[in-house]
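I opened this entry to keep track of what I looked up, in the order I looked it up.

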Amino acid sequence: MIAVDATHLKSKYKGVMFVANAFDGNRNIYPLAFGIGDLETDASWHWFFTKLHEAIGECPNLVIISDRNVSIENVLRNLIPLLNLIVIFARSSERNMLQGRCKEHVAESIYSILRFARTLRVVHLIGKIINLLVKWFTERRELALNCTTTLCPNFGEKKLRNRLEDVARMNVVKVNNAQFNVLDGDMDGLVDLTNNSCSCRKFQLEQLPCKHVVAVCCFLKVNVYSKASRYYTRKTWMDAYSDSIYPIQPHGMWDILEDIRSRVVLPPIARVMPGRRKKIRIPSQGEGTIRRKCSRLLLLFECEIKGPGM
Ligand SMILES: [Zn+2]
């Protein structure tokens, strides 16, 4: 599942930054790609999706989540049959959650950087983002290396352990060799092991055993971890952060190819609106403001939880 969005830049030459985010197995935001274009047009979105596709390759049943931008719709409508895509146009608050802009993620969100950095020149903006990625990759690589559980601790492992605790109060009734009815006080589930499904649908959606599948695994003495997607395993988590990201070197050390050096890059044609540039984005419906007390300064200040576009 990939969430895509664009945020308008506020530097001298304006422009739009396109961002594609996913989640890693430990439920942290995993930035996949970002790019800068002049405007949110069909051509610029097409360029970004083409580059994204080159970077991630073929992914069967890939789900793309975005807002209902006309250009995204136009581009994805052409790409759906080619790339085997499923597209969800989500509302602002849902996208915020999916893209890690909810309260618990906002501090580490790439958007918290963009909120302040989008007034910077492009090179400095990219530098800020790269520095953030260097920090994230280093921290998470060490977390994954020191992890001793089978699945990532914050999501898969935590959920499975909680579900294992619930098994004692469930009753498993064998229907046939493949199907089992799990009697649970509040919600029964019919588990089918031939197609790895449960009538509660949690197993199919999360790709992680729901409480009914956990109960069936215990009943059959099958290792419950074998039913979890490899997406949640510690190994996949480690692989995701195995490559290092390096900070941008000073301009003099750049190795620029000759055909790029010889190109003349003109600034985009930006329409300059009268008046002072707006820095604070107007929140969408569903986004609110929360008040936080800062104990150190003994000041009460308003902290805005921001969402798309910034
Ligand atoms: Zn279930």
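I began with E2 and strand E3 (residues 29–37), which pair in the antiparallel sense over 8 bridges. The model is a predicted one, and I read the pairing with that in mind. Met-17 has Ile-36 in E3 as its bridge partner, and Ala-22 stands opposite Tyr-30 in E3.

I then checked the connection. E2 and E3 form a hairpin, with 5 residues between the two strands. In that turn, Arg-27 has a positive phi of about 65°.

Next I looked at the other neighbour of this pairing. Strand E1 (residues 2–8) is joined to E2 by 6 bridges, and the two run antiparallel. His-8 has Val-16 in E2 as its bridge partner.

Is strand E2 buried or exposed? I found that 6 of the 8 residues of E2 (residues 16–23) are buried, so the strand is largely enclosed by the rest of the structure.

**Sheet E6 to E9.** I moved on to an open sheet of 4 strands, with the order E6-E7-E8-E9 and antiparallel pairing. Its edge strands are strand E6 (171–174) and strand E9 (197–198), each of which pairs on one side only. Inside the sheet, E7 and strand E8 (residues 189–192) pair in the antiparallel sense over 4 bridges.

**Cores.** I listed the largest nonpolar core, which has 23 residues. The members that touch the most other members are Val-182, Val-191, Val-213, Val-216 and Tyr-232. Helix H7 (153–166), strand E7 (179–183), helix H9 (211–220) and helix H10 (234–240) each supply at least two residues of this core. The largest share, 5 residues, comes from H9. I also checked the domain assignment: domain 1 (2–147 + 238–278) and domain 2 (153–232) each give this core at least three residues.

Leaving out residues up to four places away in sequence, Val-191 touches Gln-179, Phe-180, Val-182, Cys-198, His-212, Val-213 and Val-216.

A second, separate core has 21 residues, including Trp-45, Leu-76, Ala-117 and Leu-125. As background, nonpolar side chains tend to be buried together in soluble globular proteins.

**Whole chain.** I counted 11 helices and 11 strands in the protein chain. Of its 310 residues, 25% are buried. Among contacts with a separation of 6 or more, 53% are between residues 24 or more positions apart.

**Confidence.** I looked up pLDDT last. The protein chain averages 80, and 76% of the residues score at least 70.

Where does pLDDT stay under 50? I found residues 100–108, for which the model has 17 contacts beyond four places in sequence. Over residues 294–310 the pLDDT is also below 50, and this stretch has 40 contacts in the model beyond near neighbours in sequence. Where pLDDT is low, the predicted coordinates should not be read in detail.

Note on methods. Residues are numbered from 1 along each chain as its sequence is written. A residue is buried if 20 or more other C-beta atoms lie within 10 Å of its own, exposed if 12 or fewer, and partly exposed in between; C-beta atoms are placed from the backbone. Two residues are in contact if their C-beta atoms, placed from the backbone, lie within 7 Å. Two strands pair if DSSP finds at least two bridges between them. A nonpolar core is a set of buried Ala, Val, Leu, Ile, Met, Phe, Trp, Tyr and Cys residues joined through C-beta atoms within 7 Å. Domain bounds come from an automatic or database domain assignment. pLDDT is the predictor's confidence in each residue, from 0 to 100.
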